Amino acid sequence: MAFEATFGHWHDSRPCEWEGDCLVCDDPEWDGHAGFTGPLLSLDEVRAPIAEMTDARIGLLAEVLIWSLTLTARWDNLRWLAMEQSAALPEAVLDGIREELWSADWCSAECRVLDAVDYGLASRRKRVFLMAARHSYVYMGSLSPKEPIATTTAAEALGWPTGVRVNTRGVRKTAGGNCWSADRPATGITSKIRGWYWEHDKERRFSLDEAALLVGFPSGYPWTGSRSSCTQQIGDVVAPPMSCVVVGSLLMKPWESKLRAHLSTIYGRPADHTSPKEKHMNTTGITEVDTEYGKVAVRRVSSEGVPERERTWTTSYEITGPRMTGLVHVQPQFTNDENKDFELLPSEVNLFASSGRYSNRTAHLTINGIELEETKLFYITKPEDAERFRVRRKTDDWRRSEMSDAGTQRTRAALRAVLEAHYADELHMYDQAVTYAEAHNPSRKTRTLRAIEEKIAEAEKLERAIEELREQLGTLGDLEILAPAQRPAAPAPVEPEEPAPAVKPLAAASPGAVPIAELRSGEQVRATGNNTLGRTVTRTGVLLVEPKQVTVQDSGRRVTKWRLYIDEPGAEPTRSNSVTLWPHETAERLGDLAFDLAAAA
């Protein structure tokens with residue numbers, strides 16, 4: 001219903017199956033163009049069944065679809081969607097939500113159950129998260145931290161002594177127990193926390209700040225309302241650490257260091273967010289790299305020496321070492337290998353070591369007291385790639401002067417030191433790559449889509465040529481059969497005439513259920529499958545072309561199915577007369593029109 005309220009149904013130039021109730025067919029000013037009809041239901045009509053539910057909170061799931069599909073249909077400016085629900089939510093409900101999003105041409109919609117305690121929270125909070133993206137795939141692998149996050153106990157988070165046990169149900173004895181130890185992460189926080197107390201001290205109850213800390217909020221957070229209302233908010237809220245993980249993964253932003261810093265702030269412990277490759281970097285931002293000429297100090301500085309537009313994805317470094325000094329810039333770059341797949345994020349870098357007469361970047365590098373001419377290292381995938389470039393000294397005229405072998409080797413060592421320092425900070429490299437991709441991907445995406453459309457057009461042209469050749473071969477085969485019968489026979493002695501054998505008509509293909517691969521164009525068939533909107537339809541008529549195997553998206557997977565085009569004789573194969581079936585399914589053959597005509601003749 002949410003889909004029909006926002007998109008309606010697909011309509012092309014032919015009358016549709018909703019004739020009589022279709023907003024397009026019934027419009028006397030219809031211009032004949034294909035497209036969706038537009039909303040068939042008002043949002044109030046869509047929400048009407050929600051009022052009949054026994055629990056109105058269940059209707060909140062419908063609002064997820066209503067808002068997302070409405071924004072997609074009317075403005076198309078919604079890029080991603082995230083939803084949190086109880087881990088006990090039935091799988092069928094989640095599948096229904098994902099199927100509606102796929103029908104609305106969302107690229108990806110995935111679900112994952114996450115427990116906040118695995119991400120450093122001081123309480124267990126198992127929830128199912130729905131993550132959907134409009135124009136990209138959701139990479140669920142990004143939800144896992146690169147390094148395990150230390151478990152936080154309730155006592156550590158709240159500053160309690162060891163040995164405290166918390167009573168949650170008074171004197172009632174239930175299957176799940178009524179106490180938990182504060183030396184472990186707290187049990188799931190609900191609004192009932194307002195009545196929890198220390199087992200050995202019934203007067204010691206949770207404050208709002210303590211309850212908030214267990215779900216990831218800092219002390220002093222401004223909750224509003226009565227104490228009961230505040231604990232209800234704390235029990236229902238999405239934990240901030242989990243928001244960081246889910247939204248960061250959707251936006252392809254590095255979230256792990258930010259999460260560790262937040263946990264350090266609210267729980268008062270050192271933030272352990274350095275990766276093994278970052279541990280050699282000290283607090284001054286200077287990295288010392290060992291080279292064959294001694295230690296080279298590489299310090300990251302502001303990127304004032306590049307155009308303002310490039311500063312967001314440029315990293316600038318000052319180099320100081322044995323007989324080497326300078327300022328260089330490193331920028332992300334997409335691969336230039338046309339044989340590789342399309343890159344979502346750049347996998348290589350450029351390095352600008354010195355600027356020329358007409359350069360708009362300020363870079364310089366002096367080796368052995370000699371300043372370098374304009375030098376650029378491109379398509380770098382590892383520090384060792386600096387070895388393949390030659391360098392020249394700067395001169396006062398237009399003549400080029402090569403550096404000596406000793407100067408070239410020292411220059412390469414300096415540039416290799418910069419690249420080692422740059423590649424060591426993986427999080428920074430990722431941030432720069434994302435920023436660069438966001439600025440350059442629109443045009444690359446357009447070019448790629450155009451290239452894909454051209455290849456599809458070429459494939460369709462080739463397919464039509466193959467069909468024409470098949471028809472010609474069929475005609476030639478018929479002529480080869482008829483030619484001997486029409487060739488004049490040699491004279492033969494007159495013998496008593498014998499009755500000629502009866503000519504048997506060509507046997508028509510037997511009707512009934514047959515595998516899709518055995519069907520041929522021109523046969524009368526009936527097939528039940530899915531249309532292009534994913535709805536189940538039954539089409540009866542003439543098979544316009546041979547069955548085609550196509551790749552479609554089904555439940556988030558790319559699968560191969562049969563596609564049939566069934567309509568009246570002479571019709572063109574279009575989306576409106578297509579039906580898609582699984583490879584193991586069958587269609588019903590009603591009778592082969594071509595064989596019937598041959599038998600009648």
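The model is predicted, with local features needing pLDDT of at least 70 and side-chain atom pairs pLDDT 80 or more, while totals for chains, interfaces and linings use all residues. Residues are numbered from 1 along each chain as its sequence is written, and side-chain values use heavy atoms, without hydrogens and water.

Leu 94, Ile 97, Arg 98, Leu 101 and Trp 102 are the buried residues of H4 (buried, under 20% relative accessible area; exposed, over 50%; partly exposed, in between; 1.4 Å probe, protein chains only). Viewed down the helix axis, the buried residues of H4 fall within an arc of 140 degrees, so they line one face; the arc is taken from the directions from the axis to the C-beta atoms. Just after H4, Asp 105 has a positive phi of about 70 degrees.

The whole structure contains 12 aromatic pairs (rings of Phe, Tyr and Trp, the last by its six-membered ring, with centres within 6.5 Å; stacked under 30 degrees, edge-to-face over 60, the rest tilted). Tyr 221 and Trp 223 form a tilted pair, because their ring centres are 4.8 Å apart and their planes lie at 55 degrees. Tyr 221 is partly exposed at 36% relative accessibility, whereas Trp 223 is buried at 16%. One aromatic cluster consists of Trp 160, Trp 180, Trp 196, Trp 198 and Phe 206.

Methods: Helix = DSSP H or I, 4+ residues; strand = E, 2+ residues; numbered from the N terminus.
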